[in-house]
Amino acid sequence: MLSEYPATKRPCSEAGNPGGDPADTACALWLNNEYTVAEAGRLPELQVHLSLVERLRQVTAVRKGCVVLILALIWQAYAMLLENELMFPTFSSALFALYDALVQGELLRAVGTSLRVLAAAYAVGVVAAGLLTVLALTSRFGSDLLETCTGMFNLLPAIALLPLALLWFGLGYPSIMFVIVHSVTWPMTLNIYSGFTGVSNTLRMVGRNYALSPPAFLFKILIPAALPQILTGLKVGWAFSWRTLIASELVFGVSSGSGGIGWFIYEKKNQLDIPFVFAGLITIIAIGLLVENLIFNVLEAKTIRKWGMQS
Amino acid sequence: MHTSASPEISPFLEVRNLTLQYTTPQYLVTATWNVGFQVSSFDRLILLGPSGCGKSTILKAIGGFIKPAGGEIRLQGKLVTKPGSDRGMVFQEFDQLLPWKTALENIVFAVTSARRIPRRQALEEAREWLHKVNLTAFADAYPHELSGGMKQRAAIARCLATNSPLILMDEPFASLDALSRSAMQEELLRLWEENRRTLIFVTHSIDEALILGTRIILFSPHPGQVRAEFTSVRRNVGQSLRGRELRERIEYLLFQDRVDYAI
């Protein structure tokens with residue numbers, strides 16, 4: 001569609017600058033045609049609703065749920081072919097065992113015991129990591145200490161400390177606490193510290209520009225700016241502590257009868273209740289996924305992803 | 001200092017014999033050498049020079065982020081020793097807005113930290129400033145949802161909202177595309193007309209310097225020294241003969257020192 005300007009060729013200097021500054025005659029472009037664009041009402045629909053199936057396929061949980069379902073079906077089919085309930089029970093019998101154990105309260109008790117120890121040890125680990133980081137941020141000795149310690153102890157599997165822990169703290173929860181704290185503290189410290197040191201210089205200068213006090217600087221600039229790494233640290237710490245807990249419970253259980261979920265698995269293996277062993281394993285996975293999705297993912301969605309600090 | 005630096009007779013900002021150095025793992029590098037200039041209230045002073053002439057470093061020193069190796073900086077007679085909210089800073093980087101705060105909250109944060117006024121009043125003023133930079137519709141957007149030009153507008157609003165008498169801008173439009181850049185220059189001039197402050201603006205673009213500045217200080221490359229001082233003519237310099245002469249003169253001064261071509 002042509003505008004009211006005919007296609008006469010005029011130099012743009014004439015059209016744009018009636019004053020005719022000689023400097024603009026160097027401009028050698030000509031206005032040939034002008035077009036008008038279609039109005040919004042005359043265009044095809046710009047937003048079209050996706051079908052239900054299409055929308056469901058966008059949901060990650062649905063897609064991942066399908067993967068789990070397929071794996072479960074394969075398990076069931078293979079176990080039914082094998083017909084050996086002792087070595088490899090079917091998925092369905094594991095589910096029934098899980099239901100039984102839950103109803104009897106045995107499994108819930110075990111989970112409760114495990115989670116209590118875990119929460120205490122995790123909290124100690126978080127506090128220790130925080131203190132170490134603050135020490136490292138405020139002094140050169142602190143940062144040397146932190147880097148050396150994380151460098152050494154990060155390589156030491158927590159289970160390798162178990163014999164020593166048993167020697168020092170005896171059979172029981174203090175020993176488990178000790179190894180879990182060890183497994184949590186170092187990776188978490190490493191993440192939090194690298195988060196703080198990675199805060200962009202511009203953001204630091206912004207904080208200093210407003211003359212924030214050191215605590216305000218820590219809480220208003222450093223911690224939110226380092227939150228992606230802090231959350232990663234918390235997640236890594238969670239995974240490490242959860243695995244260490246189960247492993248140490250499996251290795252030596254506890255003296256009293258009210259053991260955790262690792263002890264539950266160990267005991268059921270001894271009684272040759274293999275479906276219950278699988279039920280225990282499923283529980284471990286389920287709790288891990290629950291914490292990952294309900295706590296960490298929600299936390300991430302409400303903070304760093306909303307802020308565009310992580311895609 | 002025994003010199004009577006009473007605010008009445010001392011210039012608004014005085015930079016005297018300023019030498020700035022920084023250390024790399026191997027060297028102690030001198031960025032600027034013996035730089036001196038004065039700024040009067042409501043000047044729009046441009047620090048212009050090739051990359052590596054230390055103009056940003058001078059700005060950061062005025063901001064209090066860098067300690068001088070020699071010389072001194074006095075703001076209204078008082079020696080500058082550390083950063084403070086009496087010198088608002090706008091950076092080149094887009095990440096200067098706090099990503100965990102919305103555009104509005106970024107301004108509120110600055111206002112409450114710098115001026116310690118109640119939150120309600122801060123909110124009101126922040127909204128007003130967002131309106132002045134045409135971001136009212138984006139008050140609740142997080143920085144990552146804004147375009148580059150919007151981010152810089154929010155940063156400028158944040159800086160002006162603190163009522164700092166001195167505004168320091170470190171190539172704030174350098175990362176913008178050419179269209180947004182010239183729009184932002186217009187907008188900055190408009191804001192300055194509405195709400196006059198003293199402005200020190202670092203750039204490596206001659207055009208930008210001529211559009212924005214009332215005064216221009218030209219630096220020689222590495223180490224930065226004052227090469228020339230200009231008082232710019234009125235706006236629309238591209239059209240006026242004196243403007244073009246000025247530009248040619250600046251270009252001559254810059255290229256004479258055989259600067260790299262990325263000016």
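Modeller: What follows goes from the interface to the salt bridges, and ends with one histidine and one hairpin.

This is a predicted model, in which local features need pLDDT of at least 70 and side-chain atom pairs count only at pLDDT 80 or more, while totals for chains, interfaces and linings use all residues. Residues are numbered from 1 along each chain as its sequence is written, chains are lettered from A and ligands numbered from 1 in the order in which they are written, and side-chain values use heavy atoms, with hydrogens and water left out.

At the interface, 21 residues of chain A are in contact with 28 residues of chain B, contact meaning heavy atoms within 4.5 Å. The area buried between chain A and chain B is about 2,200 Å², with carbon and sulfur atoms giving 63% of that area; buried area is the accessible area (1.4 Å probe) that two parts lose on being put together, summed over both. Nine residue pairs, both members at pLDDT 80 or more, are in polar contact between chain A and chain B, a polar contact being a pair of N or O atoms within 3.5 Å, where within protein one must be able to donate a hydrogen and the other to accept it, and residues adjacent in sequence count only if both atoms are side-chain atoms. On the side of chain A that touches chain B, α9 (201-209) and α10 (214-252) of chain A each supply at least two residues, and α9(A) gives the most, with six residues. Helices here are DSSP runs (H or I, at least four residues) and strands likewise (E, at least two), numbered from the N terminus. By class, that side of chain A has 12 nonpolar, four polar and five charged residues, where Ala, Val, Leu, Ile, Met, Phe, Trp, Tyr, Cys and Pro count as nonpolar, Asp, Glu, Lys and Arg as charged, and the others, Gly among them, as polar.

B:E72 counts as buried at 13% relative accessibility, and B:R74 is buried at 11%, buried meaning under 20% relative accessible area, exposed over 50% and partly exposed in between (1.4 Å probe, protein chains only). Another joins B:R153 and B:E187 at 3.4 Å, N to O, and this pair links helix α4 (residues 148-161) of chain B with helix α5 (residues 178-194) of chain B, the two residues being 34 residues apart. B:R153 is buried at 17%, and B:E187 is buried at 12%.

Turning to the histidine, A:H182 lies in helix α8 (residues 173-197) of chain A and is buried at 10% relative accessibility. Leaving aside neighbours within four places in sequence, A:H182 is in contact with A:F153, A:L156, A:A158 and A:L161.

In chain B, strand β1 (residues 13-23) and strand β2 (residues 28-39) run antiparallel and are joined by eight bridges, pairing being assigned if DSSP finds at least two bridges between two strands. β1(B) and β2(B) form a hairpin with four residues between them, and B:Q21 stands opposite B:T30 in β2(B).

Note on methods. A salt bridge is a side-chain nitrogen of Lys or Arg within 4 Å of a carboxyl oxygen of Asp or Glu.
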